[in-house]
Amino acid sequence: MNGTLSNNVSFALNLHYGAMARLQEQAYTGLRINRVSDDPSAAYQVLGLNSQKRSLKNYMDNISEATSVLEVSTSVINNITSAISDTNVQLTQTISGTYDENERRSFAERINDVLEQVVSLANTRHLGQYIFGGSNTASAPYAVQRTNGEITSVTYQGGSQQRDIELAPGIISNTYNVGE
């Protein structure tokens, strides 16, 4: 009988020691579930939620990237539009005879500078990628041919397909556009 009582006390102490060790681990980690055996059903739910959390983080990162790229694209397009609009106004004034001969020559020389500016803007990189290169974001989408240092032609050499980013399940945004 002493052996049985001793075995029962020893068994009970081991159970309490194990329970205490689990409670200490929970207190230390701040987690109720530290391994699958703590609560298999809840652990399965936690694994599913962790997977969903990673997926949502990827979508949030994609949304952040798309927003950033679209903001830069909008700014670049506004700058190009402004440069072309200003040039168009000056060209109209030049043709109408508003400017004298010296001013017309000066304006003609500035046109190459405007072209350089527009090409530079069109070849804008953001987050290490060309924003108007379509599916080819690794190389400059616009190549310039020059004669005597002045632009004579510009050719598009970017990708012919847009580069899409998935923002949420089934929601795709064409963030890197084809600039052709």
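The secondary structure of the protein, a predicted model, amounts to 3 helices and 6 strands, where helices (H or I, at least four residues) and strands (E, at least two) are DSSP runs numbered from the N terminus. Along the sequence the elements follow the pattern α-α-α-β-β-β-β-β-β. The radius of gyration, taken over C-alpha atoms, is 33 Å, well over the 16 Å that the globule rule (2.2 Å times the number of residues to the power 0.38) gives for 180 residues, so the protein is more spread out than a compact globule. Along the principal axes, the C-alpha atoms fill a box of roughly 120 × 30 × 30 Å.

Residues are numbered from 1 along each chain as its sequence is written, and side-chain values use heavy atoms, with hydrogens and water left out. Local features need pLDDT of at least 70 and side-chain atom pairs count only at pLDDT 80 or more, while totals for chains, interfaces and linings use all residues.

Buried residues (under 20% relative accessible area, 1.4 Å probe, protein chains only) make up 23% of the 180 residues. Among contacts (heavy atoms within 4.5 Å) with a separation of 6 or more, 47% join residues 24 or more positions apart.

Turning to local detail, strand 3 (residues 142-147) and strand 4 (residues 150-156) pair in the antiparallel sense over 6 bridges; pairing requires that DSSP finds at least two bridges between the strands. Val144 stands opposite Val154 in strand 4. The hairpin of these strands has 2 residues between them, and Asn148 takes a positive phi near 55° there.

Note on methods
Buried < 20%, exposed > 50% of the residue type's maximum accessible area, 1.4 Å probe, protein only.
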